[in-house]
Amino acid sequence: MGVPDQLADRMSMAEQHEYLRSRFSRRTMMRGGAVTLGAVVGGAFVPGATARAAVPTRSTAPSAQKVDGRLVAPFGRHLAYGNDPRTEMTVSWQVPVAVDKPFLRIGAHPWDLSHRIGAEVRTLYTPAGVGASADRTQYYVHAKLAGLKPGRTYYYGVGHAGFDPAEPHLLGTLGTFTTAPAHKAPFTFTAFGDQGVSYHGLANDALILGQNPAFHLHAGDIAYADPSGAGKTADTGFDARTWDQFLAQTESVAKSVPWMVSYGNHDMEAWYSPNGYGGEEARFTLPDNGPDKKNLPGVYSFVHGNTAIISLDPNDVSFEIPANLGISGGTQTKWFETQLKKYRAAKDIDFVVVFFHHCAYCTSTAHASEGGVRQEWVPLFEKYQVDLVINGHNHQYERTDVIKGDTVTKKLPIGGTAYPETEGVVYVTAGAAGRSLYAFTAPDSYEGHEHEVDAVASFVNTKDGKVNETVAWSRVRYLNYSFLRVDVTPAPKGHYTTLTVQGIAETGDRIDHFTVARRAK
């Protein structure tokens, strides 16, 4: 991506960003087109609610001529919850060229889209030489909605001057979304990591849509525009156009299912910002309740029904890929513990699910386990009895037994039940969403094809390098494309409420299932 290998090996993400900016800024300015991104303010759905615009990503880009809006069709729609999923939603999309006055229409029926809300454009410019493509300008559009009613389905359409989704011939472009309920109710969510652009990614998206999930968790390594994933700008394979392909691929699901992302090592793109996440901030609008919006935009939490979801950024604690190691100065871990305390004390929250990219426990021959995660966060998982940890990074499906203190406290066979209040934590690696697969040192063992092995050779990445280990916690292994389905079933106070977790293959076959149970508050 423009930094010589011998320099990139010694530079942090922020240092590589500064190097690229100094190298390319003169050429950009000589073309005479440096402009700062502006914003068209988005507003609230309910009259009288406060209008709010997302903070714009600042970027330099050559001025672009606009074309007739009638010839420009939006694409790549994707949803995300706001801080309160019961009342807030962001609709995001992309346009291939600059447009005038982008907006969103919303209503309770497809024939009644009278509410029109202005949208914000975030322009992302990538000059030739930063990666594999010629000059590339991308236009991402966002409309933040507040004041929505809980548990309500809304119809929406996105447009701009010359393209109005309320016109009869464009009604086929409408989408829908449903806000989170006000009270405890059964729901389903899905999860995976490491998707990218492929036929396998398309197949998984189609299956996920059929699960009718309330939301989807993407545990990092989203599009793979940066195929090296080392957090180094020396990767000449970087191609910003990959994001166009990814958002078009994902739209079939993400236009109706909130697509809640966490950032992985392939999501650090040095050109756009010192932390590598400037491109992601242009493309996504996530809840902004995390500890450090400037450095850690992918760290946040939300609550759906009786379940709290927490997204973390393991690039901050990764010994294996240290480009952003220590970027939060410890604030992420402090915030995380504060969130865990809050959710465990809340009378209406039963489950806490944590998702992020690098694995705490995995036996893949590629990345295996991340010692930084074990050091920083595993003690908190155990202290606050986290119910389920979902990771990506390793391109396969693997599920552990119940673990506490790095040891197996209970074997968890397929179909078994874990009780985190007394036993420990279950970890699932669901990194086979679409990218090329990795390998195990032990044979596959999954539903209908069990092959139990009590000792598996692996390693953990530490600050001193790889350390070999032989583990007993690898219970289910499946080396093919798959994703995770989780069914949440509330219960009356004092009775057991459950998470029913299933690993589902690209074929539609079930490869794993287990239950997490705890007494409802």
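The expected span of a helix, used in one of the views below, is 1.5 Å times one less than its number of residues. This is a predicted model, where local features need pLDDT of at least 70 and side-chain atom pairs count only at pLDDT 80 or more, while totals for chains, interfaces and linings use all residues. Residues are numbered from 1 along each chain as its sequence is written, and side-chain values use heavy atoms, with hydrogens and water left out.

View 1. Helices (H or I, at least four residues) and strands (E, at least two) are DSSP runs, numbered from the N terminus. Of the 521 residues, 60% are buried; buried means under 20% relative accessible area, exposed over 50%, and partly exposed in between (1.4 Å probe, protein chains only). The accessible surface is about 18900 Å², and carbon and sulfur atoms hold 52% of that. Those areas come from the Shrake-Rupley method with a 1.4 Å probe, and for residues only the protein chains shown count as cover. Take the contacts (heavy atoms within 4.5 Å) with a separation of 6 or more: 73% of them link residues 24 or more positions apart.

**View 2. Helix 4, residues 242–254.** With 13 residues at 1.5 Å each, helix 4 should span 18 Å, and its end C-alpha atoms sit 17 Å apart, which agrees. There's a bend of about 25° at A248, taken as the angle between axes fitted to the seven residues ending there and the seven starting there. Helix 4 is mostly covered, with 10 of its 13 residues buried; among them are W243, F246, L247 and Q249. Look from Q249 over to Y199 in helix 3 (residues 199–210): the two are 50 residues apart in sequence, but their C-alpha atoms are 9.5 Å apart. Q249 is buried, whereas Y199 counts as exposed because its relative accessibility is 73%.

**View 3. The hairpin of strand 14 and strand 15.** Strand 14 pairs with strand 15 (residues 307–311) in the antiparallel sense, over 5 bridges; for two strands to pair, DSSP has to find at least two bridges between them. Y300 has S311 as its bridge partner in strand 15. The hairpin has 2 residues between the strands, and G305 takes a positive phi near 60°. Strand 14 (residues 300–304) has 4 of its 5 residues buried, so the rest of the structure largely encloses it.

**View 4. H393, in the loop between strand 18 (388–391) and strand 19 (397–400).** At 2% relative accessibility, H393 counts as buried. Its side chain makes a polar contact of 3.5 Å with the side chain of H367. A polar contact is a pair of N or O atoms within 3.5 Å; within protein, one must be able to donate a hydrogen and the other to accept it, and residues adjacent in sequence count only if both atoms are side-chain atoms. Leaving aside neighbours within four places in sequence, H393 is in contact with residues including D194, E320, H357, H358 and C359.

View 5. T363 is in the loop between strand 16 (351–355) and strand 17 (369–370), and is buried at 1% relative accessibility. The side chains of T363 and E398 make a polar contact of 2.7 Å. I403, in strand 20 (residues 402–404), is buried too, with a relative accessible area of 0%. I403 and Y361 are 42 residues apart in sequence, with 9.5 Å between their C-alpha atoms.
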